[in-house]
Amino acid sequence: MDYALIIEKFVLVVILFLISLGIAAYSTYFERKLAAWIQDRVGPDRAGPFGILQPIADGVKMFLKEDFIPQNSDKWLFIIGPGIAMFTALITSAIIPWGPDITMFGRTISLQVTDFNIGVLYMFGVVSIGVYGIMIGGWASNNKYSLFGAIRASSQMISYELAMGISLITIVLMSGSLSLTDIVNRQHGMDWNIWYQPVAFLVFFICSLAETNRAPFDLPECESELIGGYHTEYSSMKLGLFLFSEYVAMFISSALIAMLFFGGYNFPGMDAFSGNLLAVLCVGAFFAKIFFFIFVFMWIRWTIPRFRFDQLMHLGWKTLIPIAIINMLITGLVIAFNEGWF
Amino acid sequence: MESLSNRKKVVSDKPMTFVESLYLPAIFNGMMVTLKHMFQRRKTIKYPEEQRVFAPVYRGMHVLKRDEQGRENCTACGLCAVACPAEAITMVAEERKKGEEHLYREEKYAETYEINMLRCIFCGLCEEACPKEAIFLTDRIVPTEYERGEFIYGKDMLVEKIDQRIDITKRQSTGKRGTV
């Protein structure tokens, strides 16, 4: 048994865990700042210089609140719900290739926890489980608003996963592999998938917004109709976990978009570097892309009003899925033609 | 009718063109609007550090004035309480005793004088009604409290301290009421 490998993977997992949580925490801060800037306000600026200690203050506040469990709720499911939401949001990061291999202590270390040859399928599986956290949380609350929120979340996720999957098939067709490492390595330099598949990108991006329950698709948790939706009954850190898992999911979604369509850790002019320097630059480029997409997610949230539920379903089933299918068929035909099938 | 503001737009409900029905150009335009706002100057005044400049006629917390010799101007005539539309002012009058001439200017003075700051609407009618130039509204802000009772200000809060006179020259400029 190679103990060094276990240690190496363990360290990587811990680092990824901390990075995911840290970025999620500071996403809440940045989201509030961005909302303020868009509305010509200043935003949180009291806790520390420029308010950068605000996420810590929020976290402490969440921990100090009363942890309330409604009397008629299903206690175990009520507790497990936020845990599942957080868990599924976190485990997607296992398959993301964060950068090329680095050489350290005489070993070649892969900056990816595990290179599945079915990475795309795993990703979809995990994203699908994500709905269970919301569903269980909403159901266990024993509250009709929570249940409405949960039902909306599940129907929305199921509807948009179809279009998402079909739009991704084009990427798989072009790469000829389900492994995310292969998909990223194929987009060397500036040869990104977005240049070949803009329509698939658009569909995937819209579906990502819906999958992460972000505006304009934040119907499961709209305050005005559902009083918070599935987390109406939640308080303290359980509520914190739900809100937090949304930000982690946003981080992971941004990483997936950057990876599948914008070359992942590839950047133009990367051939001029090699070794560990290249790896560091690649990781930097990847995170720059991720931060850009987190910014776009937030930018959209503070620009566009929320969809009505029938509009949401209409957009998902009657617009995005046909577009994705046609896009897939055209891609398939072009690839078949290039392969000389005709 | 002719447009006075030059912002009149004719409303129509013609069917959307194909490009419009995609919504994407409209969404993109909306995002450009919000992007523009991201770089605009903030309108916020960070209150405790920065304070908005008050207008000279601003009406804030009341003060009961003393004259140059440090005697209270108020003679407890009750005209302010009568004038008050919110019925926020009450007082109890008392006769000035021998030896109190250095404390009260008139022969009658207010033993207690209370203004309920939760009732007060800061209209300034008390100041207008006062014949003795005793009560004025200043540019000070009424501080916030946790209990309702703390908003009933007695003489300890209202009468200016002898060594900390409160400047009301902005409001006393006309001198219509004669000399103090």
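**The sheet in chain B, and beyond**

Tutor: Let's start with the sheet: in chain B, three strands make an open, antiparallel sheet, ordered β2-β3-β5. Keep in mind that this is a predicted model. The edges are β2 (89-95) and β5 (152-153) of chain B, and each of them pairs on one side only. Now zoom in on β3 of chain B, residues 108-116, which pairs with β5(B) in the antiparallel sense over two bridges. Within β5(B), B:I152 is the residue standing opposite B:N116.

On to the nonpolar cores. The largest has 82 residues, and A:A163, A:C207, A:V248 and A:F251 have the most contacts inside it. Its top contributor is helix α9 of chain A (residues 236-261), which gives 17 residues. Take A:A163: beyond its neighbours within four places in sequence, this alanine touches A:V203, A:C207, A:G316, A:L320, A:I321 and A:A324. There's also a second, separate core of 20 residues, with B:L64, B:Y113, B:I135 and B:L137 among them.

Last stop, a helix pair in chain A. Helix α1 (residues 3-38) packs on helix α2 (residues 54-64) at about 105 degrees, their axes 9 Å apart. That angle is why α1(A) counts as roughly perpendicular to α2(A). Where they meet, α1(A) brings A:A25, A:Y26, A:T28 and A:Y29, while α2(A) brings A:Q54, A:P55 and A:D58. Sorted by class, this contact has four nonpolar residues, two polar and one charged.

How values were computed:
Residues are numbered from 1 along each chain as its sequence is written. Chains are lettered from A and ligands numbered from 1 in the order in which they are written. This is a predicted model: local features need pLDDT of at least 70, side-chain atom pairs count only at pLDDT 80 or more; totals for chains, interfaces and linings use all residues. A nonpolar core is a set of buried Ala, Val, Leu, Ile, Met, Phe, Trp, Tyr and Cys residues joined through C-beta atoms within 7 Å. A residue is buried if 20 or more other C-beta atoms lie within 10 Å of its own, exposed if 12 or fewer, and partly exposed in between; C-beta atoms are placed from the backbone. Helices (H or I, at least four residues) and strands (E, at least two) are DSSP runs, numbered from the N terminus. Two residues are in contact if their C-beta atoms, placed from the backbone, lie within 7 Å. Two strands pair if DSSP finds at least two bridges between them. Axes are lines fitted to C-alpha atoms, for helices over the stretch in contact, and angles run from 0 to 180 degrees between N-to-C directions. Angles under 35 degrees count as roughly parallel, over 145 as roughly antiparallel, 65 to 115 as roughly perpendicular and the rest as oblique. Ala, Val, Leu, Ile, Met, Phe, Trp, Tyr, Cys and Pro count as nonpolar, Asp, Glu, Lys and Arg as charged, and the others, Gly among them, as polar.
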